[in-house]
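Here is a quick walk through one model, with the sequence and the fold side by side. Have a look at the picture first, then read on.

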Amino acid sequence: MARFTCSFSLRKGCFFSYLRALKFKIYKVNYLSIESLSKSYGEKRLFDNISFGLNQGQRTGLIAKNGAGKSTLLKTIMGKEIADSGSITFRKEIVVTYLDQNPIFDESKTVIESIYNTNNPLLNAVRDYESALTAFELDYNDKTSEQLEKCSAMMDKLEAWDFEAKIHEILQRLKIAFLDKEISMLSGGQKKRVALAKVLINEPDLLILDEPTNHLDVEMIEWLENYLVSRDLTLLLVTHDRYFLDSVCNEIIEIDNGKLFHYKGNFQYFVEKKAEREAMESSEIDKAKNLYRRELEWVRKMPRARGTKAKYRVDSFYETKEKAFSGQKEEKLELGVKMSRIGGKILEFIKIKKAFGETKIVNDFSYIFKKGEKIGVIGKNGVGKSTFLNMIMGLEMPDAGKIQSGETIIFGYYSQEGLQLNEDKRVIEVVKDIAEFIPLADGSKLSASGLLTKFLFPPDVQYGYVSKLSGGERRRLYLMTILIKNPNFLILDEPTNDLDIVTLSVLEDFLTNFQGCVLIVTHDRYFMDKMVDHLFVFEGEGVVRDFPGNYTEYRDKKESEDKILRKEENGNKISGILAEPIKEDVTQSLSQNSAPSKKKLSFKEKFEFEQLEKDIATLEAEKMKTTELLNAGSDKHEDIIEWSSKIEKIISELDEKSLRWLELSEGI
């Protein structure tokens, strides 16, 4: 019996081990395997013999310096670039979608045609249904009725009605209301949002995103964060947005000097573990260098006759040498150009007004800038932030008021559009066109080539063509061309786009110590939080609010205000119904008199009471009709927004009239 019990226990243990293994297989399905992947461009090695995998549910962020091959790796995985060696394997039957940093569309198609151009059966069913519905509404006949019925049946079969609602939500959240526009008519930012909407709507198993937060306002970024975290998605993404990385990703992979490093945690965990890894590597390299010096002395003294006997030690010497020189001192970006002297008067806005038609940008805005101020500019896309910066630079004129700058002020304007570069020009020629020698903060001068080296452009890149630069390298070169003019007032419009996290960190340190003024427009919440003293909040309709704090403080304050407002609205509704009875109870407790008699309605109040009954009935009917329209849906995004807004107004009016009706009913 003892033997049987022991044997059964062992079998039981094996059985549960098997179940655990089975569970692991179920919940840890491998979606992507990268084995020994290498890629070079000429002599420039991007990554060498790297291997990693993605399992179901992993949300992985890819981090590397500009030009280190982040976008190239994503394109290689998707088959848009060819690897020098190695293998890429996707799990069969999974849906993979890819958001390119610069998406390419058929320019002749409309937005809605581009979104529906897919093999997704759910999306095709929604497209066919909405097309049939439009045809039916335009021309009611047996043919269109039959087609609509057929498409409705397919929607039922695929259970696609919720999917249709999801499509409209994504389009609304990304503010894509230009569905009938041709792609050729869109800006770069609008195209990126259309591409993002398309990959989200497609509901893939594996989603590969290259800079998904570019061209999104803060509200959109926060919605996208919540969307990705709440869905059962497997992600591989590249982004410079550190808050986004921290919220969305549960694993980080880093390409550093061609090698791949894994970190099982979010961005904050990555920062801590990377510092530990570099400290450990530095310690090991220092030990190897000490050993190398001793071994070098032995090799030099080694008698020739004993050479064959000591071969193992010679081999060990070369291994030690390789280790000792594996961590050559890493070149770091240095921002240390000279700042021009700044006088007493800096910049003043005097009752500025600016509008485009009915759209007000600023209305009667005044402000006097002080030395060393760092101000963030926030607001939804299209509210006029870039127009505000262009007015300072004289690229846009105010409709009224004055903008006066001091005589000593030298603006450095880093625009969202970037530097328009001649692709056939060499990098060093771009800098030499501005100046051959550049004054530094310490009073010395540096050649164009020397300054390029400080900005991490080695000689082989300096004499290469602009066309060979990555997006991030172009932005870094653009930043350099601005700083070498020695500005004392920096205007930065989306400075974080396409810059790697290392460069951003150096830029943040530079701006922290910058003695001049800085005005920043950015959707990067981390950058904004770290840099600014206060905010200009563009609230729309020309209202610009000066908030004393950074973005997170503003967001917390706004959420608190919104909660109080909602409570007050709810409280008003309740108190409107209960206020009079409560007053009577209090009066009764404080007085010996009996309850006061009800006040009779005047003729005017009776007429109002009867009219309210009619108005409430009309509003209820209107509410029902609009709700039916909303439930039926529309292929026009503008209709959905209009109906939703209308229902909100109807409900608000109903609440108001119902409360008044209750008040008057007390007198009947």
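Which residue of strand 18 stands opposite I375? It's L519. Before going further, a word on the ground rules: this is a predicted model, in which local features need pLDDT of at least 70 and side-chain atom pairs count only at pLDDT 80 or more, while totals for chains, interfaces and linings use all residues. Numbering starts from 1 along each chain as its sequence is written, and side-chain values use heavy atoms, with hydrogens and water left out.

Helices (H or I, at least four residues) and strands (E, at least two) are DSSP runs, numbered from the N terminus. Six strands make up an open sheet in the order 14-17-18-12-19-20, and the pairing is mixed. Strand 14 (411-414) and strand 20 (543-547) sit at the edges with a single partner strand each, so one side of each has no neighbour in the sheet. On average, neighbouring strands here are turned by 15° against each other, direction ignored. Two strands count as paired if DSSP finds at least two bridges between them; strand 12 (residues 374-378) and strand 18 (residues 517-521) have four, in the parallel sense.

Helix 16 (residues 471-483) lies across strand 14 and strand 17 (489-493), at about 170° to strand 14. Helix 17 (residues 501-513) lies across strand 12, strand 17 and strand 18, at about 145° to strand 17. For these angles, axes are lines fitted to C-alpha atoms, for helices over the stretch in contact (heavy atoms within 4.5 Å), and the angles run from 0 to 180 degrees between N-to-C directions.

**Cores**

A nonpolar core is a set of buried Ala, Val, Leu, Ile, Met, Phe, Trp, Tyr and Cys residues joined through side-chain atoms within 4.5 Å. The largest one has 56 residues, and V111, L174, I176, L200 and L228 have the most contacts inside it. Helix 7 (residues 188-201) gives the most to this core, seven residues. Leaving aside neighbours within four places in sequence, V111 touches several residues, among them I176, F178, L179 and V194. There's also a second, separate core of 46 residues, including I438, L451, L511 and I520.

Buried means under 20% relative accessible area, exposed over 50%, and partly exposed in between (1.4 Å probe, protein chains only).

| Residue | Relative accessible area | Class |
|---|---|---|
| H168 | 13% | buried |
| E93 | 82% | exposed |
| E211 | 5% | buried |
| L347 | 2% | buried |

H168 is in helix 6 (residues 161-173), and its side chain makes a polar contact of 3.3 Å with that of E130. (A polar contact is a pair of N or O atoms within 3.5 Å; within protein, one must be able to donate a hydrogen and the other to accept it, and residues adjacent in sequence count only if both atoms are side-chain atoms.)

E93 has a positive phi of about 70° without being a glycine, and E211, also not a glycine, has a positive phi near 55°. E93 is in the loop between strand 4 (85-90) and strand 5 (96-99), whereas E211 is in the loop between strand 6 (206-210) and helix 8 (218-230).

L347 lies in strand 10 (residues 347-356). The C-alpha atoms of L347 and G406 are 6.2 Å apart, though 59 residues separate them along the chain. Not counting residues up to four places away in sequence, L347 touches I392, F411 and F489, among others.
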